[in-house]
Amino acid sequence: MDAKPASESSAQLARWMGIGDANSAGNIHGGTVMKLADEAAGLAAIKHSRQRVVTASMDRMNFLYPIHIGELVTFSATVNAVWRSSMEVGVRVDAENPRTGEARHTSTAYLTMVAVDERGRPTPVPPLIATTDEEQRRMREAELRRANRLTEREQIIAPRKREEGPAG
Ligand SMILES: CC(C)(COP(=O)(O)OP(=O)(O)OC[C@H]1O[C@@H](n2cnc3c(N)ncnc32)[C@H](O)[C@@H]1OP(=O)(O)O)[C@@H](O)C(=O)NCCC(=O)NCCS
C-alpha cells in the first residue's frame with residue numbers, strides 16, 4: 001500500500017448555525033459541535049484510507065468559548081498519524097461572526113477512526129507521510145496520545161478481567 005501525504009486527507013466542513021442548533025439561551029449545543037467534528041474527522045479518514053471508517057473514540061473536547069446562533073462554524077480535519085487500521089484525526093473548530101468578521105478558535109478534538117471492511121472488521125490503511133514541521137509535530141504528539149490511550153485502556157481492562165476471573 002503506497003504511503004500518502006497528510007495534506008491529501010485535509011477536509012473542511014462549514015455550518016451557518018441556526019435556531020435548531022441552539023439551546024434556549026441562544027448558545028450552540030456542544031453535541032452539535034461534536035457531531036460535526038465527528039463528520040469532518042470521518043471525511044479526512046475516508047480521504048486517506050479510501051475505505052469505510054468508524055469512530056473508535058473521541059478524546060476529551062474542551063469548549064473554549066460559546067458559539068452563538070448566526071455564526072459560521074468551520075471544522076478543519078487532517079489525519080495526524082496512522083497505525084495498522086486506526087488513524088488519529090485532529091479537528092480544529094473556528095467560529096466567525098459574519099457581520100463583524102470577528103473569528104475565534106473555539107475547540108480542538110482528536111478522534112480515532114478505524115477503517116473497516118464490508119463485514120465491519122478492522123482493515124489496514126496506507127502509511128502517512130508528514131512533510132512539514134507542523135505535520136511532523138502532529139505525528140509525534142499523536143504517538144504520545146495513542147500511548148496514553150492504550151495505557152489507560154489496559155489499566156482499566158486488566159483489573160476488570162482479573163475481577164471477572166477465568167471464563168467458562
Ligand atoms: C472500533 C472497532 C472497529 C475496533 O474493533 P476491535 O475488534 O476492538 O479491533 P482491534 O482491537 O483489532 O482494534 C482495531 C484498531 O482500533 C484501535 N482501537 C480500538 N478501540 C480503540 C479505542 N477505544 N481508542 C482508540 N483506538 C482504538 C486499536 O488500537 C486498533 O488499532 P490498529 O489496528 O491501528 O493497531 C469496534 O470496536 C467497533 O466497531 N466499534 C463501534 C464503532 C462505531 O460504531 N462507532 C460509531 C459509534 S455510534
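Lys4 touches Lys47, His48, Arg50, Pro126, Pro127, Leu128 and Ile129, leaving aside residues up to four places away in sequence; contact here means heavy atoms within 4.5 Å. This is a predicted model, so local features need pLDDT of at least 70 and side-chain atom pairs count only at pLDDT 80 or more, while totals for chains, interfaces and linings use all residues. Residues are numbered from 1 along each chain as its sequence is written, and side-chain values use heavy atoms, with hydrogens and water left out.

Back to Lys4. This lysine lies in strand 1, residues 4-5; helices (H or I, at least four residues) and strands (E, at least two) are DSSP runs, numbered from the N terminus. At 14% relative accessibility, Lys4 counts as buried, where buried means under 20% relative accessible area, exposed over 50%, and partly exposed in between, with a 1.4 Å probe and protein chains only. One of its contacts, Pro126, sits 122 residues away along the chain, yet the two C-alpha atoms are separated by 6.7 Å.

Zooming out, the protein has two helices and seven strands, and reading along the sequence gives β-β-α-β-β-β-β-β-α. The C-alpha trace spans about 60 × 40 × 30 Å along its principal axes. Of the 168 residues, 39% count as buried. Among contacts between residues at least 6 apart in sequence, 72% join residues at least 24 apart.

Five strands make up an open sheet, ordered 2-4-5-6-3, with antiparallel pairing; two strands pair if DSSP finds at least two bridges between them. Strand 2 (11-16) and strand 3 (52-58) stand at the edges with a single partner strand each, so one side of each has no neighbour in the sheet. On average, neighbouring strands are turned by 30° against each other, direction ignored. For these angles, axes are lines fitted to C-alpha atoms, for helices over the stretch in contact, and angles run from 0 to 180 degrees between N-to-C directions.

Strand 5 and strand 6 form a hairpin with six residues between them, and Gly101 in the turn has a positive phi of about 80°. Ten of the 14 residues of strand 6 are buried, so this strand is largely enclosed by the rest of the structure.

Helix 1 (residues 30-49) packs on it, touching strand 2, strand 3, strand 4, strand 5 (86-96) and strand 6 (103-116), with a direction at about 45° to that of strand 4. Buried residues of helix 1 include Val33, Leu36, Ala40, Ala44 and His48.

Just after helix 1 comes Arg50, with a positive phi of about 55°. Most residues other than glycine have a negative phi. Arg50 belongs to the loop between helix 1 and strand 3 and, at 60% relative accessibility, counts as exposed. Arg50 is also among the residues that Lys4 touches.

Helix 2 (residues 133-164) lies across strand 3, strand 4, strand 5 and strand 6, running at about 80° to strand 4. Arg145 is found in this helix and, at 18% relative accessibility, counts as buried. Its contacts, not counting residues up to four places away in sequence, are Asp59, Asn80, Glu88, Tyr110 and Arg138. The charged end of Arg145 sits over the ring of Tyr110, 3.5 Å from its centre; the criterion is NZ of Lys or CZ of Arg within 6 Å of the ring centre and within 35 degrees of the ring normal. Aromatic pairs, by contrast, number zero in a search of the whole structure, where rings of Phe, Tyr and Trp (its six-membered ring) pair if their centres lie within 6.5 Å, with planes under 30 degrees apart counted as stacked, over 60 as edge-to-face and the rest as tilted.
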